[in-house]
Amino acid sequence: MNDWKEIRVPLGDRSYTVHIAPDGFVRLAATLRERGIGPRVAIVTDTHVAKLHLPSLKKALRAGGFEAATVVIPPGEREKNLRRVSDVVTSLLRQKCDRQTAVIAFGGGVVGDLAGFVAATFQRGVPLVQIPTTLLAQVDSAIGGKVAVNHPMGKNMIGAFYQPVCVWTVPGILHTLPDRELVCGLGEVVKYGIIRDPGLFAFLESSLDSVLACEDDDLLRIIGACCSAKGKIVGRDERESGLRAILNFGHTVGHALEAGGHFRLLKHGEAVLLGMLAETEIAAALGMIPPEQVERIVNVINRVPVNVSLRSLDARTVLRLMHHDKKAVRGTIRFVLPVSVGRVRMVASVDPKIVRHAVERILQHRPPGTSAA
Ligand SMILES: NC(=O)c1ccc[n+]([C@@H]2O[C@H](COP(=O)([O-])OP(=O)(O)OC[C@H]3O[C@@H](n4cnc5c(N)ncnc54)[C@H](O)[C@@H]3O)[C@@H](O)[C@H]2O)c1
Ligand SMILES: [Zn+2]
């Protein structure tokens, strides 16, 4: 694997590049310097990533003449809160970080969102560099500038749009990722295939097994495709006033499943996989998509193992949560629905009976290999 890729996110004077770097951190320091960053930076990461990968990042930065403060937080979604933001700021201040210090978010989406929020607000904003280390973060959350923490009353309720100055993605770093996290990232990858990249979708049809085995060339192929899709969408609609909403395919039902399981039963990407199945079924029931296209979508999603039983969820709760989602406009749920592989359409109102039926069907989901009874 030696294919270096650079993908531009076009946002005027806030444009930036996603560097997909198969050779690791070798050229990171020089690139940061070119972007006017340094010599002082602050790496924010979690304990898992710190143990596995922080020494090599620090070594590369040190060799490139950077001096790095570090803040290591406990892992997990529960850390994405204002209290942890305050702790990170305390640590930055104790390490004498100032307005010239860039924050490097080194981790999955939790670290990216939290450290991004810190960068947006620390001393009214310092430069942000994203170094995503989960597949989900590499293909999705590190790009696009949405940064946030959770509030007890809702996920991502406190946040901002704050674009990084660059994103540095090392596909090989995913080799240490637990299988379940790889599956979560694949949820978003399949989504990009369905919403706008039929070539990527066809690649998944032929190569999903080697992707699941974390083959380097395949990772590079899918990460490149997703970053370029997300970069284009964000470039055209940074603040989700139109096109960016297509990224929510699978998320309307998915978020409700996630919330119904109190964010413990299902991980985000798993919920999105199941949400895409349900929403494809809605599109099929509306006659929007030909049956053979439905079959292709269902086949690919079913090959990505979601080892969770939805036995404990009930349809009423899930439907209620869908109505309360922050993306529901005045109580009407807007769906992003597929019309074929590679193309989706927004649909403003869907017969509640069709939605209920699709939700009831998805709640039959059991881990692959077990009976639905
Ligand atoms: N900002 C956005 O646009 C956006 C988009 C999608 C999701 N998100 C957010 O992203 C978060 C989920 O992110 P996530 O799925 O990356 O979860 P995560 O950050 O919790 O990471 C998952 C787990 O993998 C570990 N990990 C990370 N990199 C590793 C590596 N290379 N090797 C071994 N272990 C590693 C982490 O420590 C953690 O335990 C959610 O909070 C969600 O709201 C944000
Ligand atoms: Zn998502």
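**View 1. The loop that holds P39.** In this predicted model, P39 is found in the loop between helix 1 (28-34) and strand 3 (40-46). Helices (H or I, at least four residues) and strands (E, at least two) are DSSP runs, numbered from the N terminus. A cis peptide bond joins G38 to P39, with omega at about 5°.

**View 2. The protein donors of the zinc ion (ligand 2).** Donors are N, O and S atoms within 2.8 Å of the metal (3.2 Å for Na, K and Ca); water is not among the atoms, so sites may look incomplete. Along the chain, the donors follow the spacing E-x62-H-x16-H. E188 belongs to helix 6 (residues 179-196) and H251 to helix 9 (residues 251-260), so the pair ties together parts that are 63 residues apart in sequence. Both E188 and H251 are buried. Buried means under 20% relative accessible area, exposed over 50%, and partly exposed in between (1.4 Å probe, protein chains only).

View 3. With a relative accessible area of 12%, D113 is buried. Leaving aside residues up to four places away in sequence, D113 touches K80, S141, K146, V147, A148 and N156. Contact here means heavy atoms within 4.5 Å.

**View 4. Q123, a residue with positive phi.** The phi of Q123 is about 50°, although this residue is not a glycine. Q123 has its place in the loop between helix 4 and strand 6 (128-132). Its relative accessibility of 32% makes Q123 partly exposed.

**View 5. H262, a residue with positive phi.** H262 is not a glycine, yet its phi is positive, at about 55°. The loop between helix 9 and helix 10 (268-285) contains H262. H262 is exposed, with a relative accessible area of 52%.

**Notes to the views.** Residues are numbered from 1 along each chain as its sequence is written, and chains are lettered from A and ligands numbered from 1 in the order in which they are written. In this predicted model, local features need pLDDT of at least 70, side-chain atom pairs count only at pLDDT 80 or more, and totals for chains, interfaces and linings use all residues, while side-chain values use heavy atoms, with hydrogens and water left out.
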